[in-house]
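Thanks for coming, everyone. I have one chain to show today, and I'll keep it brief.

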Amino acid sequence: MQQVTQSFKTRIIFYVVAILAVVTDQVSKVWALNNLSTDQIDPFIGSFISFQLVHNPGAAFSLLDNATWVFTVIAIAIIVVILYYVRKVSSSPWLLSMALLFGGAIGNLIDRLIQPPSFGMGHVVDFLNWNGWFVGNVADIYIVVAAASMFLLAVLEVPFNRHLGGERQ
């Protein structure tokens, strides 16, 4: 019974964090679309972070901007893999990292599906200009934080699962 309860709580936490990530990402993108323009840069935190609306067909740094559909497929694959493994995780740090990665992937996938120019090949709405190095969005922040935390968890050898009552979940 304790395993079932723990598994249920784990999934609830995962989905709450993931939903919050998707909602904050999408709300911020709606704000950006309604308040920013592509031909203007507005300071936010000095010149280090500014607002600049960009419709990004590629990945980070606009890589592979002619292969938008590839990122749609990759996002779907990441989402499916996470959904498979979330059933096996019982470590809170791993769970939170996976939830952020899941939420970030869903947030950018939504753009690929609903933004112009077409379904599955939509351009991601980016609006956070990081000192001229790149322009990203809230989903990108979640993805980077998740990747960095997963790397750290792996380096520190934090177990993916903890043992409950001598059995693995």
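First, the ground rules. This is a predicted model, where local features need pLDDT of at least 70, side-chain atom pairs count only at pLDDT 80 or more, and totals for chains, interfaces and linings use all residues. Residues are numbered from 1 along each chain as its sequence is written, and side-chain values use heavy atoms, with hydrogens and water left out.

Now the fold. The chain has four helices and four strands. Helices here are DSSP runs of H or I with at least four residues, strands are runs of E with at least two, and both are numbered from the N terminus. The order from the N terminus is α-β-β-α-α-β-β-α.

Buried means under 20% relative accessible area, exposed over 50%, and partly exposed in between, with a 1.4 Å probe and protein chains only. A contact means heavy atoms within 4.5 Å. Of the contacts with a separation of 6 or more, 65% join residues 24 or more positions apart.

How confident is the predictor? Mean pLDDT, the confidence per residue from 0 to 100, is 86 for the chain, and 85% of residues reach 70 or more. Where pLDDT is low, predicted coordinates should not be read in detail.

Next, the surface. Y15, I19, V23, V27 and L83 form a nonpolar patch with about 420 Å² of accessible area together. Areas are Shrake-Rupley with a 1.4 Å probe, and for residues only the protein chains shown count as cover. Patch members have over 30% relative accessible area and no salt bridge, and nonpolar side chains (Val, Leu, Ile, Met, Phe, Trp, Tyr) are joined within 5 Å. A salt bridge would be a side-chain nitrogen of Lys or Arg within 4 Å of a carboxyl oxygen of Asp or Glu. Helix 1, residues 2–35, gives the most, with four residues. L83 sits in helix 2, residues 68–86. L83 is partly exposed, at 32%.

L95 is in helix 3, with a relative accessible area of 3%. Leaving out residues up to four places away in sequence, L95 touches T10, I13, F14, V86 and V89. Q115 lies in the loop between helix 3 and strand 3. Q115 is buried too, at 15%.

Note on methods: pLDDT is the predictor's confidence in each residue, from 0 to 100. Patches are made of residues with over 30% relative accessible area and no salt bridge: like charges are joined within 9 Å, nonpolar side chains (Val, Leu, Ile, Met, Phe, Trp, Tyr) within 5 Å.
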